[in-house]
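Dear colleague,

I am handing over the structure below, and after it I set out what was found. Please keep it open while you read, so that you can look up each residue as it comes.

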Amino acid sequence: MKRIVDYIQLYFRLVSAGVRAQMQYRFAFIMRIVGMVAAYTGTAVTMWVMLYQFKELGMWNFYELLFLFALAVLSWGFCIILFFHFRSLDTYIVNGTFDRFLVRPINPFFHFMAMKFDIGAAGQFIFSIGIFIWVSNALNIQWQISNILFLLGAIIGGVLIQGGLLVFISAIAFWTTKSERFYWVVMYPARNLTNYPLNIYPKMVQWVTAFVVPFGFVNYFPASVLLDKGTPHFPSYIGYLTPLVGIVFFVLAYYVWMLGLSRYKSAGS
């Protein structure tokens, strides 16, 4: 127990140092937030234009799609803060700078995760919280303790799923010394799928995003519960499994990462 407390205290010390370093460039920080909000707003406008004529997409209206999108953006914001720099692990391995994480008396995974805390993800939070407030009024969502707790569990699960995939991708570098390209091949398309309800995709895609790369649990399944929407081809309770799926997926990713670490050989540069 004491070791866990020590790690938590150390994490916040490292995070505090990283935040102070980032705040030295406040104009860049503010402009990044503005840019993120503008980019996500552009996607929301695209959804509105797309639904202006047809009104619904897969039995989801514009406000429901916004809720779906905002839930994915919110969990992605936390994922960026905690895990986004994992996609650059191959750079550290190739340059030989990863060795410094092995010579200090702390868990290398924890050390690498705590190395960077990207507060620029505030743009995702501003956008998603604003959308939640707007959509809640438009859809008359009654936020009670039960669905607030469910939403928190869904966010945690979504963060662990997306973070787990980043960890999986980074672990490839231990075997190949190159992994970031897999981000664009796997992570980027998977995230784009979450912009829209899974029921508009072929059944095979739905099953892959439920049981292989479980991005359906990032927003579609939990949003279906919160908005009382049906989930064709899946049981109605599947959204409640989101935190469990997130934990299992992340534990598997951590295991693969540590397995790769055991095979790591320094580049020596």
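This is a predicted model: local features need pLDDT of at least 70, side-chain atom pairs count only at pLDDT 80 or more; totals for chains, interfaces and linings use all residues.

Residues are numbered from 1 along each chain as its sequence is written, and side-chain values use heavy atoms, with hydrogens and water left out.

Most residues other than glycine have a negative phi. T177 counts as partly exposed because its relative accessible area is 37%, given that buried means under 20%, exposed over 50% and partly exposed in between, with a 1.4 Å probe and protein chains only. D228 also has a positive phi, near 60 degrees, and is likewise a residue other than glycine. D228 lies in the loop between α11 (220-226) and α12 (242-262), and it counts as exposed because its relative accessibility is 72%.

For the chain as a whole, there are twelve helices and two strands, and along the sequence they follow the pattern α-α-β-β-α-α-α-α-α-α-α-α-α-α. Of the 269 residues of the chain, 47% count as buried. The chain exposes about 13,800 Å², of which carbon and sulfur atoms supply 68%; accessible areas come from the Shrake-Rupley method with a 1.4 Å probe, and for residues only the protein chains shown count as cover. If contact is taken to mean heavy atoms within 4.5 Å, then residues 24 or more positions apart account for 76% of the contacts in the chain with a separation of 6 or more.

Setting aside residues up to four places away in sequence, F83 touches M113, V159, G163, L166, V167 and F250.

Which residues does S75 touch, not counting residues up to four places away in sequence? They are I155, G158, V159, Q162 and V218. S75 is found in helix α3 and counts as buried because its relative accessibility is 0%. Although S75 and V159 are 84 residues apart in sequence, their C-alpha atoms are 5.1 Å apart in space. E64 lies in helix α3 as well, and E64 counts as buried because its relative accessibility is 11%. Apart from neighbours within four places in sequence, E64 is in contact with M59, L139, L227 and K229.

Two further residues can be looked up in other helices. I33 is found in helix α2 and counts as buried because its relative accessibility is 13%; I33 and A121 are 88 residues apart in sequence and 7.2 Å apart in space, C-alpha to C-alpha. F182 lies in helix α9 and is partly exposed because its relative accessible area is 32%. Leaving out neighbours within four places in sequence, F182 is in contact with I169, I172 and M187.

Finally, the largest pocket has a volume of about 300 Å³. Of the 16 residues that line this pocket, the closest to its centre are Y40, W76, Y188, R191 and N192. A pocket here is an open set of points on a 1 Å grid over the protein atoms alone, where a 1.4 Å probe fits, with protein on both sides within 12 Å along at least five of seven lines, and lining residues have an atom within 4 Å of a point. Its volume is the space filled by probe spheres set on the points, which are joined across faces, edges and corners. Helix α3 gives the most to the lining of the largest pocket, with five residues.

With best wishes

Technical notes. Helices (H or I, at least four residues) and strands (E, at least two) are DSSP runs, numbered from the N terminus.
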